[in-house]
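Colleague: Hi! Could you walk me through this structure?
Modeller: Happy to, let's open it up.
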Amino acid sequence: MKAVYVDNNATTRVAPEVVEEMLPYFSELYGNPSSMHAFGGSVGTRLKEAREHVANLLGAQPEEILFTSCGTESDSTAIHAALQSHPEKRHIITTRVEHPAVKNLGEHLAKNGYRTTFVPVDRQGRLDLEFLYKNLSDDTAIVSVMWANNETGTIFPVEEIARKVRQRGIVFHTDAVQAVGKIPINMADSSIDMLSLSGHKLHAPKGIGVLYVRKGTKFAPFLMGGHQEGGRRAGTENTASIIGMGRAARLAMASMEDENTRVKALRDKLERELLKRVPASMINGDPENRLPNTTSIAFEYIEGEAILLLMDQYGICASSGSACTSGSLEPSHVLRAMGVPFTAAHGSIRFSLSIYNTEEEIDFIIEKMPPIVERLRQMSPFWRQGQIA
Amino acid sequence: MWDYTEKTKEHFLNPRNVGFIDDFDGIGEVGSLACGDALKLTFKLGGDGRIADAKFQTFGCASAIASSSALTEIIKGMTLDEAAKVTNEDIADYLGGLPKEKMHCSVMGRDAMEKAIAYYRGEAEKKIEGEIVCECFGVTDKQIERAVTENHLTSIEEVTDYVKAGGGCGNCHDKIQFIIDQVLGNTPRAPKKPEALTNIQKIKMIDATLEREIKPALNQDGGDIELVDVDGNRVMVKLRGTCASCSKSQVTLKHYVETKLKELVSQELVVEEV
């Protein structure tokens, strides 16, 4: 059975061009870029190029690009750097809908001598900006707000927030893991100080991340040791993955338009048709300010894990905000923060597309979903009650 | 992805006995939309007093649906007395086992069966037994106690897996631990090792147990304990901090320190405060 993969916010297919570019660095070109000999040095040249490609994607300078091992490392590095560079400040502001990479770190710091403020969102998933600005203080070391939400695709006005935060002389970081490659980003004309991204969300392999650090931003390394990455991130470079990341950055620039036209149209079709064909279904999140590839749809009165397993019977791969899929007992913190009712939160499915999806695949999903939902609703004790109510 | 057995998957994909018996003899409803799973069970008795038909409606994940399906298959043909003895373990076993995080699905089946039988016998609308411990999922101390006793649970995590208690905000974890300790303290222990401890062995073990097991627990509540002397099987301790002034210090001593020392060192030990 062929997989119909619409779970690209979880991870993406490594682009064939990326794999091809990486392969020699697993075999004959195994040199260490820090070596004095030409054999290693030639790898160093390729790393330099990769850094330039990533910088181009972000509208940044190459020396502002730091390679890490994943998006989570980039987030941790950014937040720790701000805290260490401003030891007198003990306050952090982030949001209630962050990825666990930032949310759990914020909670951890709150138990270890820091004060963490979590900015709430409304029913559409939009941030309460007034709340955020009101809580800025001289004690605030860093504000970290994700660029786009992984579950709903909601895009936050990070540029606007960054400008306000900078006026107060506070560092601003954004977890842009879901945004980079999907929407245009230009650090040259921005007040954002630090930005995290992850390779495997844009068709590079897992195990490679990037942290953008604006020139002049106070910094302290998270991993200490060797002089790699200009002394800001020690550890021998993951050469093959960095080179793959560089290739993926070029591909992302080339496919940005496709993502925002064809992929967006496929997403819109999927969403429109499912809402039309499945009663008691709705979109989670802000339908306006949204990533072009993501839709989170709540199918009321049924449970997400059961939906996913029936979809799996047809090879359709997606995600759910339900409790049962996460191993925890409560549905997604993002949907709960938005106040999505339990009738809907447990049955929420996220479809996230990529440039590799075809119209045939979307039509296949549109055909298969309604009977799946109907089948589970026929089993649910709440379905008829819900219809009457 | 969950590691479901083939039988669990099969029962999820082809559930038996889905539906609702309009002229039911017994009905049991458990769970809610908020909790993430719910089961409505109905049964009809035959002329021979055995369950002639059973049907279910379930809102929940694959294992909740499979557990409901398994339950209806198990109880068909049983007398009510037999059905009343079906445990959550029986349901899980029927499916070839469930992932531990999903055991609460089998407990839900057992609870629905009990409610349906109570309905038939006219014991319906019984008040919720015990006091609510877990506010997030509405689980009482009696329910937790029962799950711990029946399934030999030893940790908060396991209690969460079986009855969901503690799986939300986490504020009730101390209370759950207390219930586990009480149940474990009352459980008959395996026969003691035949050879007696030498005095020095005994003192060393008591000291280690106090340091490792008991002190950290008391410290959490701002208290502390110090070993003063051991005379035969009399363990003399001094309590400090909040423990010393707390009116419950006797309870703490008797029910906690002594239980722990008996469990981990020797059945004969008696604890005294000096």
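Colleague: Which residues of H1(B) meet residues in H2(B)?
Modeller: From H1(B), they are Thr8(B), His11(B) and Phe12(B). Their partners in H2(B) are Ala62(B), Ser63(B), Ile65(B), Ala66(B), Ser69(B) and Ala70(B). Keep in mind that this is a predicted model.
Colleague: What classes of residue make up that contact of H1(B) with H2(B)?
Modeller: It has five nonpolar and four polar residues, with no charged ones.
Colleague: And at what angle do the axes of H1(B) and H2(B) cross?
Modeller: They cross at roughly 85 degrees and come within 8 Å. Angles from 65 to 115 degrees count as roughly perpendicular, so that word describes H1(B) and H2(B).
Colleague: Switching topic: how many residues does each chain give to the contact between chain A and chain B?
Modeller: Chain B gives 20 residues and chain A gives 20 residues. On the chain B side, strand E2 (37–45), strand E3 (51–59) and helix H2 (62–75) each supply at least two residues. That side of chain B has ten nonpolar, six polar and four charged residues.
Colleague: What about helix H7 of chain B, mostly covered or mostly open?
Modeller: Mostly covered: six of its eight residues, 156–163, are buried. The buried ones are Ile156(B), Val159(B), Thr160(B), Asp161(B), Tyr162(B) and Val163(B). Just after H7(B) comes Lys164(B), with a positive phi of about 75 degrees.
Colleague: Zooming out, how many helices and strands are there in chain B?
Modeller: Eleven helices and eight strands. Of the 274 residues in chain B, 39% count as buried.

How values were computed: Residues are numbered from 1 along each chain as its sequence is written. Chains are lettered from A and ligands numbered from 1 in the order in which they are written. This is a predicted model: local features need pLDDT of at least 70, side-chain atom pairs count only at pLDDT 80 or more; totals for chains, interfaces and linings use all residues. Two residues are in contact if their C-beta atoms, placed from the backbone, lie within 7 Å. Helices (H or I, at least four residues) and strands (E, at least two) are DSSP runs, numbered from the N terminus. Ala, Val, Leu, Ile, Met, Phe, Trp, Tyr, Cys and Pro count as nonpolar, Asp, Glu, Lys and Arg as charged, and the others, Gly among them, as polar. A residue is buried if 20 or more other C-beta atoms lie within 10 Å of its own, exposed if 12 or fewer, and partly exposed in between; C-beta atoms are placed from the backbone. Axes are lines fitted to C-alpha atoms, for helices over the stretch in contact, and angles run from 0 to 180 degrees between N-to-C directions. Angles under 35 degrees count as roughly parallel, over 145 as roughly antiparallel, 65 to 115 as roughly perpendicular and the rest as oblique.
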